[in-house]
Amino acid sequence: MNSTPLVGSPFTPAQEAVLKKWTTFYPHKEMGLIEALRSVQEWDRHIKPEAAAYVAELFGLPFNRVWGVATFFPSFTTKPTGKHRIGLCHGLSCWLAGSPLMAQRLQATLGVAEKEVTKDGRFSWEEMECLGACEQGPALLVNDRLQGPATPENISKLAKELK
Ligand code: FES
């Protein structure tokens, strides 16, 4: 495999190799698109248009198709997230279980509004649709891992312990 980055590529050779792997991983090339975008989101904490353009070229897809996927799924963002991305469910069960209060608590503890990043880059938080853990409401997600119900105590603990 050629490890030289393409002219104008926003990725390192190692990252390009990962993205290329996703083009052949599944029987149909396009099936690897979500995984490729997931990798980009993890590296850059968001999907930039130039990254989507590169992925589109790699998968032989129109830019708008890739950008459409990147802007449709809530897992992907077009604005950088914090190193630790916190999600608070605001679905009906979680809302009834107190998610509005926990949203206020997240804002007060982290000192930033929803979808903003703390000055040190460590955190961002956002409200999310049903996380499939309605019995644990208000459900809290940290870096794609469910943390059980959000409480003032576990929000303070996260802010202190996550580096
Ligand atoms: S409504 Fe919050 S996890 Fe389902």
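Trainee: Which residues have the most contacts inside the largest nonpolar core?
Mentor: This is a predicted model, in which local features need pLDDT of at least 70 and side-chain atom pairs count only at pLDDT 80 or more, while totals for chains, interfaces and linings use all residues. Residues are numbered from 1 along each chain as its sequence is written. A nonpolar core is a set of buried Ala, Val, Leu, Ile, Met, Phe, Trp, Tyr and Cys residues joined through C-beta atoms within 7 Å, and buried means that 20 or more other C-beta atoms lie within 10 Å of a residue's own, with C-beta atoms placed from the backbone. The largest core has 16 residues, and those with the most contacts inside it are Ala 36, Leu 37 and Val 55.

Trainee: Which element gives the most to this core?
Mentor: Helices here are DSSP runs of H or I with at least four residues, strands are runs of E with at least two, and both are numbered from the N terminus. Two or more core residues come from each of α1 (13-24), α2 (33-44), α3 (49-59) and α4 (63-72). With 5 residues, the element that gives the most is α3.

Trainee: Leaving out residues up to four places away in sequence, what does Val 55 touch?
Mentor: Two residues are in contact if their C-beta atoms, placed from the backbone, lie within 7 Å. By that rule, and not counting residues up to four places away in sequence, Val 55 touches Leu 19, Ala 36, Leu 37, Val 40 and Val 66.

Trainee: How many residues are in the second core?
Mentor: This core is separate, and its members include Ile 86, Cys 89, Ala 103 and Leu 106. Its residue count is 15.

Trainee: Which strands stand at the edges of the sheet?
Mentor: Two strands pair if DSSP finds at least two bridges between them. Here 4 strands form an open sheet with mixed pairing, in the order β2-β1-β3-β4. Two of them have a single partner strand each, so one side of each is left without a neighbour in the sheet: β2 (123-128) and β4 (145-149).

Trainee: What angle does the direction of helix α6 make with that of β1?
Mentor: Axes are lines fitted to C-alpha atoms, for helices over the stretch in contact, and angles run from 0 to 180 degrees between N-to-C directions. Helix α6 (residues 99-110) packs on the sheet and touches β1 and β2. The angle with β1 is about 155°.

Trainee: Which peptide bond is cis, with omega near -5°?
Mentor: Look in the loop between β2 and β3 (139-142), where Pro 138 lies. The cis bond runs from Gly 137 to Pro 138.

Trainee: Is Lys 115 exposed or partly exposed?
Mentor: Lys 115 sits in the loop between α6 and β2, and has a positive phi of about 70° although it is not a glycine. A residue is exposed with 12 or fewer C-beta neighbours and partly exposed between that and the buried limit. Because Lys 115 has 13 C-beta neighbours inside 10 Å, this residue counts as partly exposed.

Trainee: Over which residues is the pLDDT below 50?
Mentor: pLDDT is the predictor's confidence in each residue, from 0 to 100. The chain averages 93, and 96% of the residues score at least 70. The stretch with pLDDT below 50 has 9 contacts in the model beyond near neighbours in sequence, and covers residues 1-5.
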